Amino acid sequence: MSRSKTNQQAVNEFFINLLIKIAGYSAILFVGMIFLFLLLESAPALGEVQLGALFSDRWYPIEDYFGVLPLIGGSLLITIGATLIAVPFGIGTAVFLSEIAPRWLREILKPLVEVLGGLPSVVLGFLGILVFSPYLRVLFNLPTGLSALTGAILLGGIAIPTVVSVAEDALDAVPRSYRDASLAMGATEWQTIWRVTLPAARSGVLTAVMLGIGRAIGETMTVMMVTGNAPIIPRGLRDLLSPVRTMTATIAAEMGEVANGSTHYHVLFMIGILLFLISLVVNVTASAVVFRQKRRQDRILS
Amino acid sequence: MRKHRILSLQAFLLLLFLAACSGTDSQAGDSLPPGGTIENKGSDTIVNLALAWAESYQTIHPEVRLAVTGGGSGTGIASLINGTVDIANASRQIKEEERQDALDNGTEPVEFVIARDAIAVIINPENPVDQLTLQQISDIYSGKLTNWQEVGGEDRPIVKLSRETNSGTHVYFLEEVVRLGDKENHTLFSRDTLLLPSSEGIGAEIRQNPNAIGYDGLGYVTDDMKVIAIARSPGEPYILPSAESVNSGQYPVARDLYMYTNGTPEGMVADYLEWILTPEAQEIVTELGFVPILR
């Protein structure tokens, strides 16, 4: 009886292990298959469009102008703008929640921030068209409020909850004793936060920033609604005040229409690959930095 | 709970079936085809019109269900080629490549002109400009004119709004206005033209921005926008779009609206397309701000 039970347990163990393994490997498999699919669908573009034409400055696909530089520039500009907004506000909020706010306030604020993170982006887009863009147009005396800045502000807003949530967890994980030690040495509360707690949580905070950037670069609906979608190459941060067209908005706006198997179709997949690679670079950089930090920490602690 | 839901679904289907039967019974003398669903997809310009027609047609023929969706002319035609819809709505004629694609797929698109549409050029009511020539509009959209002062307005930058490139309206406007209908003309929209994904997007910007100029189907123009009167060339009269000026051919920026079917339609699709051209259905065209076909 007991023998058969152990047998049964061993079999269970085996299958459960197998299932968990499959689940783990399937993620790798899916990413690999998606990449392969993108690669196969976009490869013909290289044969149909010359590399020089692909990296030219004009995007007008219905007349066979396939320059993707304006789209890459637009995505980068908006992402940088959104990061400049999301990082200080996100980390600031996380520090306030974890270090300064009294318990009762934290109990109210944290769920509210999470609700903000759950707002559908199309709703934010409406808000952008009807409230932000007219307001920004008047405020900065712009020709139009449908600009990169409007997109960056809204994307920043979308990225903030991600940054707050992850950074707050990281700050929370810093042992109480670090702060106590710092305060006992006579450091002020601000000095403790800036010199002790934040550096101790550095890897988690960095992950938060990278996840925020990832969230911003992949966002589609909001940017399509508020950035004006004009394919102009931005020349610097001051072009935040003029319209731009992002890679995501281009794919979203044009994929539904494009004839299956046409050059335009392949080029849209090429943009998909570029997006995929950019977010891969962001993620790999993030984990590389985090990994180095960890090793350094281990060295210090050992 | 789950079982309950399935039961109620069955009851619903039964009801539908009974309704369909009674519909056919009462008009058995007209030898109507059995009921079914007509999938109808395409141009966002036509979608409201198609919906109104579908609603009205279903009250006369309850056995026919019409499923109407938008997405753009190209989307509709692509779906027709893939065989996922019965009727494609298009605000432009089918392109040669698309017709070839369809033939390769073993289907032949058949064209029906179902209404006419005037493209209105619209601005914010605060803007004092009332009239433009076709050449001026072309110069504005190609980026040669950049300030409202140059066409008799205030000293303001011109912000150009356009529909996305997948819109039939965009292609029509490019060919007939930006290029003035000249096949040899390869002028493009200026780079800083804002490409907005919906008519609502253009409407929202026109309403609040006195710098903006946009274009859209006459059916989408509301009272809080100003419509520009257009002259074919500098000496000619400036005409506002209306049913009369379009039907008489005076208003220069008007086009036909189409429905396409796979091969010559039969059964309920044919009946529906025939009904669309009746005066009763064409009255709905007028109500929605489009221009009816006068037979």
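**A quick tour of chains A and B**

The largest nonpolar core here has 123 residues, and those with the most contacts inside it are A:A152, A:L155, A:V163, A:A167 and B:V121. Keep in mind that you're looking at a predicted model. Helix 6 of chain A, residues 148–172, supplies the largest share of that core, with 15 residues.

**More on the cores**

- Let's zoom in on A:A167: leaving out residues up to four places away in sequence, A:A167 touches A:G90, A:I91, A:A94, A:G204, A:V205 and A:A208.
- There's also a second, separate core of 15 residues, and A:F66, A:V68, A:V267 and A:I271 are among its members.
- As a bit of background, nonpolar side chains tend to be buried together in soluble globular proteins.

**Chain A as a whole**

- Chain A is built from 12 helices and two strands.
- Chain A has 302 residues, and 39% of them are buried.
- Its C-alpha atoms fill a box of roughly 70 × 65 × 35 Å along the principal axes.
- Take the contacts in chain A between residues at least 6 apart in sequence: 76% of these join residues at least 24 apart.

**Two helices that cross in chain A**

- Packed helices are described by the angle between their axes and the distance between the axes.
- Helix 3 (residues 69–100) and helix 11 (residues 247–255) of chain A have axes that come within 7 Å and cross at roughly 125°.
- Angles from 65 to 115 degrees count as roughly perpendicular and those over 145 as roughly antiparallel, so helix 3 of chain A is oblique to helix 11 of chain A.
- On the helix 3 side, A:L71, A:I72 and A:S75 make the contact, while helix 11 brings A:M247, A:T248 and A:T250.
- Sorted by class, this contact has three nonpolar, three polar and no charged residues.

**Where chain B meets chain A**

- The contact takes 24 residues from chain A and 28 from chain B.
- On the chain B side, helix 3 (73–82), helix 4 (96–104), strand 7 (194–196) and helix 7 (199–208) each supply at least two residues.
- Helix 7 of chain B gives the most to that side, with four residues.
- That side of chain B has 11 nonpolar, 11 polar and six charged residues.

**A helix to look at in chain B**

- Helix 2 of chain B (residues 44–60) has 17 residues and reaches 25 Å from its first C-alpha to its last, close to the expected 24 Å.
- Buried residues in helix 2 of chain B include B:D44, B:I46, B:W53 and B:Y57.

Key: Residues numbered from 1 in each chain as written. Chains lettered and ligands numbered in written order. Predicted model: local features only at pLDDT ≥ 70, side-chain atom pairs only at ≥ 80, totals over all residues. Buried ≥ 20, exposed ≤ 12 C-beta atoms within 10 Å, placed from the backbone. Contact = placed C-beta atoms within 7 Å. Nonpolar A, V, L, I, M, F, W, Y, C, P; charged D, E, K, R; others polar. Expected span 1.5 Å × (residues − 1). Axes fitted to C-alpha atoms, helices over the stretch in contact; angles between N-to-C directions. Parallel < 35°, antiparallel > 145°, perpendicular 65-115°, else oblique. Core = buried A, V, L, I, M, F, W, Y, C linked by C-beta atoms within 7 Å.
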